[in-house]
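Dear colleague,

I am handing over the structure we spoke about, and my notes on it follow below. Please read them with the model open beside you.

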Amino acid sequence: MREEIAQAIRQKNIAVALRFVYDKSTIRPRFGYNHETELWDYKRDCPPKSGPNVDAAWANIASDVLAFHNQQGGLIFFGVDDASFQFVGATRMLDSKMFNDQLRRYLPDNIFVEYSREFIQDDQRYLGVALIPPRGPMPARFRAGAPLLNGKRKFEKEALQGGRATALESSLQQRQRRGSSPYMFPPWAILLP
């Protein structure tokens, strides 16, 4: 099933990915999907568009988006308690443009996240689905550092991922120090089917 979800992510098909992960009748993850993986994550609600700590909240989402993007893409489900995996419903109204506008401060323009509101309830709570596409031949980097929170930043400008350097980042840094191409594969290999 993971390969089918990964394929739906590559094809930017939210409906297919949602069908694999969610039971529409109960608005619960299907058996085997009530945990977080390298392909999906759960959040209780979307960050606000304004207010205190809004920048830190969106920086946290940007960190997750970049981590998914630099791997094989992924899904973030908003409106799900990430401890019990119960549907609680996202309350903040967003669409793809608003979602990406908030991320643009931290992420490059070539990362566009599809955001969809699914299973909308009578009180307007909904399941938010953010589909993050996988990267191309070069990994993306943060365009700005996260705001200081308790004297620390979640990530720095130009980092590939928040926190410690990933193996991918270390490999790229070593290649650049040696004067090698930062490409993971020879450029001609990318053109092959």
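A residue is called buried if its relative accessible area is under 20%, and exposed if that area is over 50%. Y106, at 1% relative accessibility, therefore counts as buried, and F155 is likewise buried, with a relative accessible area of 2%. Please keep in mind throughout that this is a predicted model.

Aromatic pairs

The structure holds eleven aromatic pairs. In one of them, the ring centres of F78 and F99 are 6.0 Å apart and the planes stand at 70°, so this pair is edge-to-face. Since F78 belongs to strand β4 and F99 to helix α4, the pair ties together parts that are 21 residues apart in sequence; both residues are buried. Y106 and F155 also form an edge-to-face pair, with 5.7 Å from centre to centre and 90° between the planes. Here Y106 comes from the loop between α4 and β5 (114–118) and F155 from the loop between β6 and α5, so that the pair ties together parts that are 49 residues apart in sequence. Elsewhere, ring pairs link Y22, Y42, F77, F85 and F119 into a cluster, and the charged end of R117 sits over the ring of Y126, at 4.6 Å from the centre of that ring.

Nonpolar cores

The largest nonpolar core has 28 residues, of which V65, F78, F99, L103, L107, V113 and Y115 touch the most other members. At least two residues of this core are supplied by each of α3 (54–69), β4 (74–78), α4 (96–103) and β6 (127–132), and the largest share, eight residues, comes from α3. If neighbours within four places in sequence are left aside, L103 is in contact with W58, I61, A62, V65 and V113. Another core, of 23 residues, lies apart from the largest one and has A6, L39, W40 and L75 among its members.

R135

Where does R135 lie? R135 is placed in the loop between β6 and α5 (167–178), and at 21% relative accessibility it counts as partly exposed. The side chain of R135 reaches the backbone oxygen of N70 at 3.1 Å, while a polar atom of that side chain also lies 3.1 Å from the backbone oxygen of P137. Between R135 and L66 the C-alpha to C-alpha distance is 9.2 Å, although the two residues are 69 apart in sequence.

With best wishes

Note on methods. Residues are numbered from 1 along each chain as its sequence is written. This is a predicted model: local features need pLDDT of at least 70, side-chain atom pairs count only at pLDDT 80 or more; totals for chains, interfaces and linings use all residues. Side-chain values use heavy atoms; hydrogens and water are left out. A nonpolar core is a set of buried Ala, Val, Leu, Ile, Met, Phe, Trp, Tyr and Cys residues joined through side-chain atoms within 4.5 Å. Buried means under 20% relative accessible area, exposed over 50%, partly exposed in between (1.4 Å probe, protein chains only). Helices (H or I, at least four residues) and strands (E, at least two) are DSSP runs, numbered from the N terminus. Contact means heavy atoms within 4.5 Å. A polar contact is a pair of N or O atoms within 3.5 Å; within protein, one must be able to donate a hydrogen and the other to accept it, and residues adjacent in sequence count only if both atoms are side-chain atoms. Rings of Phe, Tyr and Trp (its six-membered ring) pair if their centres lie within 6.5 Å; planes under 30 degrees apart count as stacked, over 60 as edge-to-face and the rest as tilted. A charge sits over a ring if NZ of Lys or CZ of Arg is within 6 Å of the ring centre and within 35 degrees of the ring normal.
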